[in-house]
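Here is a friendly briefing to read beside the model. Have the viewer open and follow along from topic to topic.

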Amino acid sequence: MQTNRRTFILAGGGTLAAAAAPSDQVTLGLIGAGGRGAFVMTVFQKDPAVKVGAICDVYEPNLERGLSTAKKGGSTPKAYRNYKQLLADKEIQAVLIATPEHWHAQMVLDALAAGKDVYVEKPLCRTPEEGVALVEAEKKTRQIVQVGMQRRSYDLYQQGREIVASGQLGNVRMIRSWWLNNYLDSRPVQKLEGVLDWEQWQGPIQKRIPLNPDIFRHWRNYSDYAGGIVADQGAHVYDGIHMLMNAGYPSAVTAAAGKPHRPGYDTPESVVVTAEYPEDFIAVFTINYAAMRYKSRNDQMNHLDGDKARMDIGREECRVYLQGAEDAPAAERRSAKGFGWATDLHVQNFLECVRTRKKPTAPMALGFQAALVVQLANISLRTGRRVKWNAKLNRVEV
């Protein structure tokens, strides 16, 4: 935010508060007011020039909570129960899409057609075909699209990218990443607290089933609606790897997994993914949501194995270990404000780009690259084969 585009007025208690210039003001619409959507909305509201003009959700408790949360931040948004009505609202300039994964692609396309700038949570899409369509749509629009892969804007990862680019690590031929947690003790949800428009929630899914409260609450782990925990978390991890290594699309992906152990889920909680890249390295990601629980600052790590040094980068810290002296780091970086700040930085970048029309840090093409790796991993699990990606023809080859 440029202070020379602000005027200052006295707020209550004699403190100074910034008043937004009209050219800075952004009216936001939220589509999907669940936990993540409502939270990211509050991050948007930290910018005094942002007004939440509308909120849409098909689950009444979420809609009510979203409206209440927005009002606490100083906005009085309209309520919508159909996202197309929100997109038709001419006061809305940008939308935050924080719905379940199976709705992302269609909502992004519809938002672009309506002339809205878009901040969409990851994974960007469910299938390679959706991703190709989204990237093509991005080429034909002037709208700003930011995928919610906040490591792209995170100071720690930007510093890590500089270390790799400097050559300190030498040749990096392998990256080993892991994410550990546990969801096996969660009980199936039997009842919802309020009214849900289940038919509208299912939306583009062709397989229609009766209302299932557990799918609504745990959609990430049902294959009809999402790619499982490996896709949900793997999109973040692989995007971070792509950023650190300045890499593009994978050339091939192989995956192996254990069976699902949580009753009802049809996606595995323990998965190993090996992605091969034209840039001459492989990235191995292991996720295990049947492990012991760690503090959030310790639950995810990436080891970049160079022939001169190794770099370890997690949520909060980055360390470099030199060859022959791996007992103590030769260099250490720590985020100024911690991993939670990454979302603030990512939202700030999006808003800056909305105002300046510059390219954001996580545009559609990068969002698809990250989603594609885990999509190919799931195809590999289904087929039991190494799956290739033909980047020239934009298609899967098994």
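N394 is partly exposed, with 32% relative accessible area; here buried means under 20%, exposed over 50% and partly exposed in between, using a 1.4 Å probe and protein chains only. Please keep in mind that this is a predicted model, in which local features need pLDDT of at least 70, side-chain atom pairs count only at pLDDT 80 or more, and totals for chains, interfaces and linings use all residues. Residues are numbered from 1 along each chain as its sequence is written, and side-chain values use heavy atoms, with hydrogens and water left out.

- N394 is not a glycine, yet its phi is positive, near 55 degrees.
- The loop that holds N394 runs between strand 17 (387-390) and strand 18 (395-397); helices (H or I, at least four residues) and strands (E, at least two) are DSSP runs, numbered from the N terminus.
- D280 also has a positive phi, about 70 degrees, without being a glycine.
- You will find D280 in the loop between strand 11 (270-277) and strand 12 (281-288), and its relative accessible area of 46% makes it partly exposed.
- Between K122 and P123 the peptide bond is cis, with omega near -10 degrees.
- P123 belongs to the loop between strand 7 and helix 5 (128-139).

- Six strands make an open sheet in the order 5-4-3-6-7-8, with parallel pairing; two strands pair if DSSP finds at least two bridges between them.
- Strand 5 (78-80) and strand 8 (145-147) are the edge strands, each pairing on one side only.
- On average, neighbouring strands of this sheet are turned by 20 degrees against each other, direction ignored; axes are lines fitted to C-alpha atoms, for helices over the stretch in contact, and angles run from 0 to 180 degrees between N-to-C directions.
- Strand 4 (residues 50-56) pairs with strand 5 in the parallel sense over three bridges, and I55 stands opposite A79 of strand 5.
- Helix 2 (residues 60-72) packs on the sheet, where it touches strand 4 and strand 5; contact means heavy atoms within 4.5 Å. The direction of helix 2 makes about 170 degrees with that of strand 4.
- Helix 10 (residues 341-356) packs on the sheet too, touching strand 3 (26-31), strand 4, strand 6 (94-97), strand 7 (117-120) and strand 8. Its direction makes about 170 degrees with that of strand 7.
- Helix 1 buries G37, A38, V40, M41, V43 and F44. These buried residues pack against strand 3, strand 4, helix 2, strand 6, strand 7 and helix 10.

- Ten strands form an open sheet with mixed pairing, in the order 16-15-14-13-9-12-11-10-17-18.
- Strand 16 (331-334) and strand 18 each have a single partner strand, so one side of each is left without a neighbour in the sheet.
- Neighbouring strands here are turned by 15 degrees against each other on average, direction ignored.
- Strand 9 (residues 172-180) and strand 13 (residues 300-306) pair in the antiparallel sense over seven bridges, with L304 of strand 13 as the bridge partner of I175.
- Helix 6 packs on this sheet, touching strand 13, strand 14 (309-314), strand 15 (317-322) and strand 16. The direction of helix 6 makes about 170 degrees with that of strand 14.

**A buried loop residue and the cysteines**

- Q150 sits in the loop between strand 8 and helix 6 (155-166), and counts as buried because its relative accessibility is 6%.
- Leaving aside neighbours within four places in sequence, Q150 is in contact with R36, H236, F339, A342, T343 and H346.
- C318 is buried at 2% relative accessible area, and C353 is buried at 2% relative accessibility.
- The disulfide count is zero, taking a disulfide as a pair of cysteine sulfur atoms within 2.5 Å.

**The largest pocket**

- The largest pocket is lined by 44 residues, with R36, G37, A98, W219 and R220 nearest its centre.
- On a 1 Å grid over the protein atoms alone, a pocket is an open set of points where a 1.4 Å probe fits, with protein on both sides within 12 Å along at least five of seven lines; lining residues have an atom within 4 Å of a point.
- The largest pocket holds about 1100 Å³ of space, where grid points are joined across faces, edges and corners and the volume is the space filled by probe spheres set on the points.
- Helix 1 (35-44), helix 2, helix 4 (104-113), helix 7 (198-202), helix 8 (213-217) and helix 9 (228-245) each supply at least two residues of the lining.
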